[in-house]
Amino acid sequence: MRVASFVGQKGGVGKSTLARVLAVAAAHQGHQVLIGDFDLEQLSCVEWAAMRLRQGVEPEVEARAFKSLKKLRKTLEGYDLVVVDTRGLADELTEDISKESDVVFLPTGTSMDDLRPTLALAKRLAKTKAVSNKIVIVLSKTGRSERLLEQAEALISEAGFDMLNAVWPERDGFQADLDVGRAGSEASNPHLKLAAQHVETAMLTLALG
Ligand SMILES: Nc1ncnc2c1ncn2[C@@H]1O[C@H](COP(=O)(O)OP(=O)(O)OP(=O)(O)O)[C@@H](O)[C@H]1O
Ligand SMILES: [Mg+2]
């Protein structure tokens, strides 16, 4: 059993989206997947899984709300992969979840406003030995500017952190798919599908180890 978590210090950077993208990718490969949704205010993943069920999208992806790590630990048995989605605010739970994880994804936009808090959180988490080698920064909701991408990549590698070797591009179509219980490569648009497949493959490789 493996645990992949999505954490961050910023709201709206794509944590819940990428959690669903990873879960769907693993489910399509036949793995038993659970999304642990720790964002009790929004429950993005739980709501989405219910929509997916209503829409009859296969394979089914299970998502459950959790308030504490203790509760999650009791549930882990029987799953190949547990994908953890957290709130848009790093707290003590963020650190505990990170310790429990095999990989910790930190999605971030390419702007300094996004990168600064992301790198600060990465540095804070890296102080814990059990977490430092699990941190992977994901460039998320990226625009079309190569220059911005390169700048962001340079900054992240200067800071000494690993980066996912695929970016999650900003496209309206991904939102439309989420609204009907789909995610990532389940997009009907072939361009979106391809972009999502790159991210999925990169995340799955790390998540499944
Ligand atoms: N690649 C994308 N292109 C366009 N929109 C996207 C993309 N990825 C995510 N979004 C949208 O951006 C918004 C924020 O994404 P998401 O909810 O995944 O972020 P989050 O980090 O979980 O936010 P929060 O911190 O509030 O939980 C959502 O409306 C989502 O549909
Ligand atoms: Mg979220």
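Predicted model: local features only at pLDDT ≥ 70, side-chain atom pairs only at ≥ 80, totals over all residues.
User: How many residues line the largest pocket, and which lie nearest its centre?

Analyst: The lining has 25 residues, and those nearest the centre are Gly 14, Thr 17, Arg 20, Lys 141 and Leu 178. The space inside comes to about 470 Å³.

User: What does the lining consist of by class?

Analyst: There are 10 polar, 8 charged and 7 nonpolar residues.

User: Lys 141 is on that list. What else can be read from Lys 141, starting with its phi?

Analyst: The general idea first: most residues other than glycine have a negative phi. Lys 141 has a positive one, near 55°.

User: Where is Leu 43, and what is its phi?

Analyst: Leu 43 sits in the loop between strand S2 (33–37) and H2. Its phi is near 45°, again a positive value in a residue other than glycine. With a relative accessible area of 21%, Leu 43 counts as partly exposed.

User: Now a helix. What is the span of H5 from its first C-alpha to its last?

Analyst: Helix H5 covers residues 112–126, 15 residues, and reaches 20 Å. At 1.5 Å a residue, 21 Å would be expected, and the span is close to that.

User: Which residues of H5 are buried?

Analyst: Asp 114, Leu 115, Thr 118, Leu 119, Leu 121, Ala 122 and Leu 125 are buried. They lie on the same side of H5 because they cover an arc of only 165° around the axis. The spacing follows a general rule: an α-helix has 3.6 residues a turn, so residues three or four places apart point the same way.

User: Which residues are exposed on the other side of H5?

Analyst: Asp 113 and Arg 116 are exposed there.

User: What do the buried residues of H5 pack against?

Analyst: They pack against helix H4 (92–100), strand S5 (103–108), helix H6 (129–132), strand S6 (135–142) and helix H7 (146–158).

User: How many residues has helix H9, and which of them are buried?

Analyst: Helix H9, residues 190–208, has 19 residues. Its ends are 26 Å apart, C-alpha to C-alpha, close to the expected 27 Å. Its buried residues are Leu 192, Ala 195, Ala 196, Val 199, Glu 200, Ala 202, Met 203, Leu 204 and Ala 207.

User: What covers the buried residues of H9?

Analyst: The cover includes strand S1 (2–6), H1, strand S4 (81–85), S5, S8 and H8.

User: What about Leu 206: which residues does it touch?

Analyst: Leu 206 is found in helix H9 and is partly exposed, at a relative accessible area of 35%. Leaving aside residues up to four places away in sequence, Leu 206 touches Arg 2, Val 103, Phe 105, Val 136 and Leu 164.

User: Which residues does Glu 153 touch?

Analyst: Glu 153 is in helix H7. Not counting residues up to four places away in sequence, Glu 153 touches Leu 139 and Met 163. Its relative accessible area is 31%, so Glu 153 is partly exposed.

User: Last, where is Gly 88 found, and which residues does it touch?

Analyst: Gly 88 is in the loop between S4 and H4. Its contacts, not counting residues up to four places away in sequence, are Gly 8, Gln 9, Lys 10, Gly 11 and Lys 15. Gly 88 counts as partly exposed at 30% relative accessibility.

User: How far is Gly 88 from Leu 155, in sequence and in space?

Analyst: The two are 67 residues apart in sequence, and their C-alpha atoms are 22 Å apart in space.

Methods
Residues numbered from 1 in each chain as written. Chains lettered and ligands numbered in written order. Heavy atoms only, no water. 1 Å grid on protein atoms, 1.4 Å probe; cavity = no way out; pocket = protein on both sides within 12 Å on 5 of 7 lines; lining within 4 Å. Points joined across faces, edges and corners; volume = space filled by probe spheres on them. Nonpolar A, V, L, I, M, F, W, Y, C, P; charged D, E, K, R; others polar. Helix = DSSP H or I, 4+ residues; strand = E, 2+ residues; numbered from the N terminus. Expected span 1.5 Å × (residues − 1). Buried < 20%, exposed > 50% of the residue type's maximum accessible area, 1.4 Å probe, protein only. Arc of directions from axis to C-beta. Contact = heavy atoms within 4.5 Å.
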